[in-house]
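Hi everyone, thanks for coming. Let me put the structure up, and then I'll walk you through a few places in it.

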Amino acid sequence: MGAFCGIVRMDGEAADKAEATVMAGAFAASPRSRPALHSEPGGVFAAVSFPLTPEDRFDRQPWSGRDGQLTLLFDGRLDDRADLASRLGLDSGRVAEMADGALVLAAYERWGTGFLAGLSGPWVLAVWDSGARKLVLARDPMGGRSLFFHRDGPVVTFAASTMALLRLHRVARDLDETVLGDLLMLTMTERNRTFYRDISRVPGGCLVICTPGAMTVEPFWQPPTDQPLRLSSDGEYVEAGRDLLDRAVRASLRSLTPVAVLGSGGLDSGGIAATAARQMAPAQIPLYSRAPPPGWHGPEQPHLYPDERPKLAALAALHPNLRVHVVDRPGPHRFDSDQTCLFQRYGMPVRAADNIGWLLAAVEEARAAGHRVLLTGDYGNTTLTAPGRAAPMALLRQGQLLALMRELAGWRRRNGWPWHTVIYQALIRQIKWLETRGITGRSRSTWRDWSLITPEAVAGLDLEQRARNGGAPGFPLPTSSAAQSRGFILQQYGSLLGDLVAQTVAVDGYELRAPLAYLPLVEFTLRVPSTQFCRDGQLRWLARRVLADRLPDACLTETRVGAQHPEWFDTLSSLRDSYQADLDRLGSSSQVARMVDIKRAQALLDDWPQDAEAALRQRDHYANALCRGLHVARFIRWNEGGNG
């Protein structure tokens, strides 16, 4: 496991070794000192190794095959090594001393790219066929690792991080304003383009094939949403889910160093923590979680709970080998005060500018304790812990009217709602084209509330139509079923939404592992009927049953969602003066002026909420529009070199 980069020339000329060395310098410091360099006709490659799993001890990148005609670079983790080895006919003794990259090379030599669709785990690869002058770049379906590339005529340059490419003078830093606008609008469906016009992304589940005369992007995996799974009983779905979850966590626990969990008392990360604790017992496993400072009190929200401590205590009581570390330091994180520290490492702005510093505090405490592998509950809401709100609509579309009436009665009984509320919540809200056009008569926020983008940029770049086509918040997803919607969202994790997490190994040398992104589990949940996710009005019914043998009642019965950064207004208020002091510098950039509404930012700073209660009613304007808008403006100025 590690990071790699390379340069290939389709014209047969020699590639520049110095450039490969320069790019590799952007990666985290390697325990094995200098990067491994390899040159051959038409190509030069560099790889940095970060041994995280036992198999990584045998890593010898790059891998050479087909009598020296193939050069393969591989970064990632194979979660089903034994299955791939069995298909290759390799004995267990030999496999035990093979790195993941060696297994992938053997499979590539036998099947070409045909085996990639079933390759589970986070990974990226590059294969250079010097005889055919063909370069193949590929990325796992869930986008668990990052791979970027730049093409200029016959020269193709690729790297595991954005900043590695930006180290080369020939790679321009010109920003793509359409992609910046997408971020401000929360349209996260751009799979190929990045924030830089000259840098492209290898999309998750896709091949990028470069030859002297062409470059194509071809999907090798699609969500199996048209293959419904019909088991004979409700219990069989539960048993299948438990088996897959156990396999997913077991694969994620392979590590040379102690593993920790980054999570909460919720169903997704709580379920991961409980499963890991059971599998590791009696050995201890730490759980790092964020919470507001002791004694903090804020406005109550009926659908959120602000403090994870009670649920974490119940979880630890059930699993005594789970050591809970609550990170509750007050005040802003250094990222909130100086966001250039993130730009300099990752070369990009982020979506959750209002709470990433809050979350990073837990990550940093875990890393300070020596943990290089952190398990997370990411991907939960689109896989195992999906709410299932579309179950009544699915019954209606299938014509199962008796079952629909029983389900609606369950919603009424569980929530204490009158019938008209039940009909609205269970059915009408699912007819998204009505909801988003205001036909239901309910007030709702729109992108104008949560975005600080200028109207001129929206019109000039056609951003509202892009948001509509891409199912951004406030617009319906371009899908016709709950499974298709979840599959659509899952395919976006490897685009702008996931670039930060996907680069952590390459940039910082630690790994955020998401067991709920385990491909067999993902494909299982995409095929499970909607009625397994919700029954009698109980959302997340599948997850509650799957996790009933490992989570305490305090977690299983909770219907609210844990609040992230509940003290956000306190943090924002402490930063208000720095925002104000920065406005003139930000507004002096013509690109910032085109993209970010600085006048509205000034108005928001002038009309500051009186207290947290008042701020809650304007959260879209402050935690989202102001924070994200000025974050993007700072990124633009950083890219221009305007930080002085």
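Two notes on what you're looking at. This is a predicted model, where local features need pLDDT of at least 70, side-chain atom pairs count only at pLDDT 80 or more, and totals for chains, interfaces and linings use all residues. Residues are numbered from 1 along each chain as its sequence is written, and side-chain values use heavy atoms, with hydrogens and water left out.

With that in hand, look at Thr504, which is buried at a relative accessible area of 3%. Thr504 sits in helix α22, residues 504–508; helices here are DSSP runs of H or I with at least four residues, strands are runs of E with at least two, and both are numbered from the N terminus. Who touches Thr504? Setting aside residues up to four places away in sequence, Thr504 touches Tyr346, Gly509, Tyr510, Glu511 and Leu512, where contact means heavy atoms within 4.5 Å.

Gln339 is a loop residue, found between α10 (334–337) and α11 (340–346). Gln339 is buried too, with a relative accessible area of 4%. Apart from neighbours within four places in sequence, Gln339 is in contact with His631 and Arg634.

Now for some helix packing. Helix α6 (residues 177–185) packs against helix α30 (residues 619–640) at about 160 degrees, with the axes 10 Å apart. Those axes are lines fitted to C-alpha atoms, for helices over the stretch in contact, and the angles run from 0 to 180 degrees between N-to-C directions. So α6 and α30 are roughly antiparallel; that label is for angles over 145 degrees, while under 35 is roughly parallel, 65 to 115 roughly perpendicular, and the rest oblique. On the α6 side the contact is made by Leu180, Leu183 and Leu184, and on the α30 side by Arg628, Gly629, Val632, Phe635 and Ile636.

α6 also packs with helix α19 (residues 463–470), at an angle of about 65 degrees and with axes 10 Å apart. Here Thr178, Gly181, Asp182 and Met185 of α6 meet Leu463, Glu464, Arg466 and Ala467 of α19.

Phi of Asp462 is near 55 degrees, a positive value in a residue other than glycine, and Asp462 is partly exposed at 45% relative accessibility. Arg66 has a positive phi as well, about 50 degrees, although it is not a glycine. Arg66 is in the loop between β4 and β5 (70–76) and is partly exposed at 39%.

While we're on the backbone, which peptide bonds here are cis? One of them runs from Gln61 to Pro62, with omega near -10 degrees, and another runs from Ala281 to Pro282, with omega near 5 degrees.

Last, the cysteines. Cys210 is buried at 0% relative accessibility, and Cys534 is buried at 1%.

Notes. Buried means under 20% relative accessible area, exposed over 50%, partly exposed in between (1.4 Å probe, protein chains only).
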